[in-house]
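Please look over the sequence and the model shown below. The paragraphs after it go through a few places in the chain, one at a time.

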Amino acid sequence: MDGERGPARGMLALLLAHTVLVQLVTFVLRPTSTYRALELGVPSAWLGVLSAAFAVAPLLLAIPSGQAVDRLGERRVLLAGAVLVCASAGVFEFLGDGVVGLLVGSVLLGTGHLCSVVAQQALVANVTAPHRYDAAFGYYTFAASLGQAVGPGLILLFGGDRTIPHTDTIFGVTIAITFVLLGVTVALRPPATARPAAVDGEPAGLRDLLRRPGLLRALTVSCVVIAAVDITLVYLPALGAERGIASGVVGVLLTLRAVASMGSRLFLGRLAAWLGRRVLLVGSIALSALGLLAAAVPMPVWLLGLVVLAIGLGLGVGQPLTMSWLAESTPPGLRGRAMSLRLTGNRVGQVVVPSAAGLLAAGTGASGVLVLTAVGLTAAGIAAARLRQSDRPPTDDGDTRAS
């Protein structure tokens, strides 16, 4: 995304601001809804259901949202996503005094987040030269991590040394932030989206995408990594409650995880060029798996902070690398569907893994959930190690709409 000038640079600045705001709202509402559930005395097993609710509706809508991006353009889908995110904040504030309201708010948030993210990722792919995809998606996910770091800071601001923060206040402040998001979305005017690509004269579709070498393996890795991110969001607060750690400290831990991910993503282009995608991907997964295993063991808070930093560094790499691979291997006009296919796999992981984690938490607590997640990451690392160099399509040094 370097080298942008004039209107293109302004559009990309708005896109990064939009990305920060969407992630900020999501990453404050999700842990705050967990605290609200704990405040209401909801059993630990329901925390997994609450996390899965974020992914259930988007699981059904991911592919249609990608088709909408390809056919209608990114801007309309971005507007729909912003409206849904705003509605979710209102539901948490005014209807979040029961499990049903928390579930509805989570579904709206997940759907709005999905629409926003699919359109954002397709837009990055469509305005960036292919040889700069690693760096571009690194910057994009850096902006996402920035929002993820700032969001939990609201928990620190309104939680302090309380085990359960002032959830009403956090929900109210978040509503105001969603109105800023709506304003940025209205101002964002992307270039026209390319028409769907064709294969042998026929419109290309999901079947053509699924035939691409290494695609399913890359989707599996992406799915497990994003599920691990979800587990840290939901079960770090639960782990803190079990060990008597103040909510403000947990907010700092969540921020540390996001800041570490920001660091790995900011320099992703250079790291990928230095180590290669496969080595970088396998190493980052191994680091996050070891970190989750360590976090399951009781330790001083300062040491837990170091462990969370390692987890964040590892988890920050998987998503932008899979986005870059998909963008590089998918023609213009199908990139919305390609990104939605990746997100569909992610949503499967967000439904299955937290639900299984909730059942496990009923017997083993949050520590057992972290161990299970580390095992899943180990399996994903093995899959990533089997990616062949040929699974990465040749790099095209020509420009698309921007360089």
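Gly-291 touches Val-307 and Ile-311, when residues up to four places away in sequence are not counted; contact here means heavy atoms within 4.5 Å. Gly-291 belongs to helix α11 (residues 277-295). Helices (H or I, at least four residues) and strands (E, at least two) are DSSP runs, numbered from the N terminus. Because its relative accessible area is 6%, Gly-291 is buried; buried means under 20% relative accessible area, exposed over 50%, and partly exposed in between, with a 1.4 Å probe and protein chains only.

The model is predicted: local features need pLDDT of at least 70, side-chain atom pairs count only at pLDDT 80 or more, and totals for chains, interfaces and linings use all residues. Residues are numbered from 1 along each chain as its sequence is written, and side-chain values use heavy atoms, with hydrogens and water left out.

Now the chain as a whole. It contains 13 helices and two strands. Of its 403 residues, 58% count as buried. Among contacts in the chain with a separation of 6 or more, 86% come from residues 24 or more positions apart.

Which residues does Thr-34 contact, leaving aside its neighbours within four places in sequence? They are Leu-47, Leu-50, Val-234 and Pro-237. Thr-34 is in helix α1 (residues 6-39), and Thr-34 counts as buried because its relative accessible area is 3%.

Two packed helices are described by the angle between their axes and the distance between the axes. Helix α2 (residues 44-72) packs against helix α4 (residues 99-126) at an angle of about 35°, and their axes are 7 Å apart. Axes are lines fitted to C-alpha atoms, for helices over the stretch in contact, and angles run from 0 to 180 degrees between N-to-C directions. The α2 and α4 crossing is right-handed; a crossing has this hand if the near helix is turned clockwise from the far one by less than a right angle, and is left-handed if anticlockwise. In the contact of α2 with α4 there are 19 nonpolar residues, six polar and no charged.

Pro-58 lies in helix α2. Its relative accessibility is 0%, so Pro-58 counts as buried. Beyond its neighbours within four places in sequence, Pro-58 is in contact with Gly-110, Thr-111, Leu-114 and Arg-347. Pro-58 and Val-107 are 49 residues apart in sequence, while their C-alpha atoms are 7.8 Å apart in space.

How many aromatic pairs does a search of the whole structure find? The search finds two. Phe-92 and Phe-171 have ring centres 5.4 Å apart and planes at 10°, so this pair is stacked. Rings of Phe, Tyr and Trp (its six-membered ring) pair if their centres lie within 6.5 Å; planes under 30 degrees apart count as stacked, over 60 as edge-to-face and the rest as tilted. This pair links distant parts of the chain, with Phe-92 in helix α3 (residues 74-95) and Phe-171 in helix α6 (residues 167-187), 79 residues apart. Both Phe-92 and Phe-171 are buried. Tyr-133 and Phe-137 form a tilted pair, 6.0 Å centre to centre with 45° between the planes. Both lie in helix α5 (residues 133-159), four residues apart, about one turn of the helix.

Conventions:
Ala, Val, Leu, Ile, Met, Phe, Trp, Tyr, Cys and Pro count as nonpolar, Asp, Glu, Lys and Arg as charged, and the others, Gly among them, as polar.
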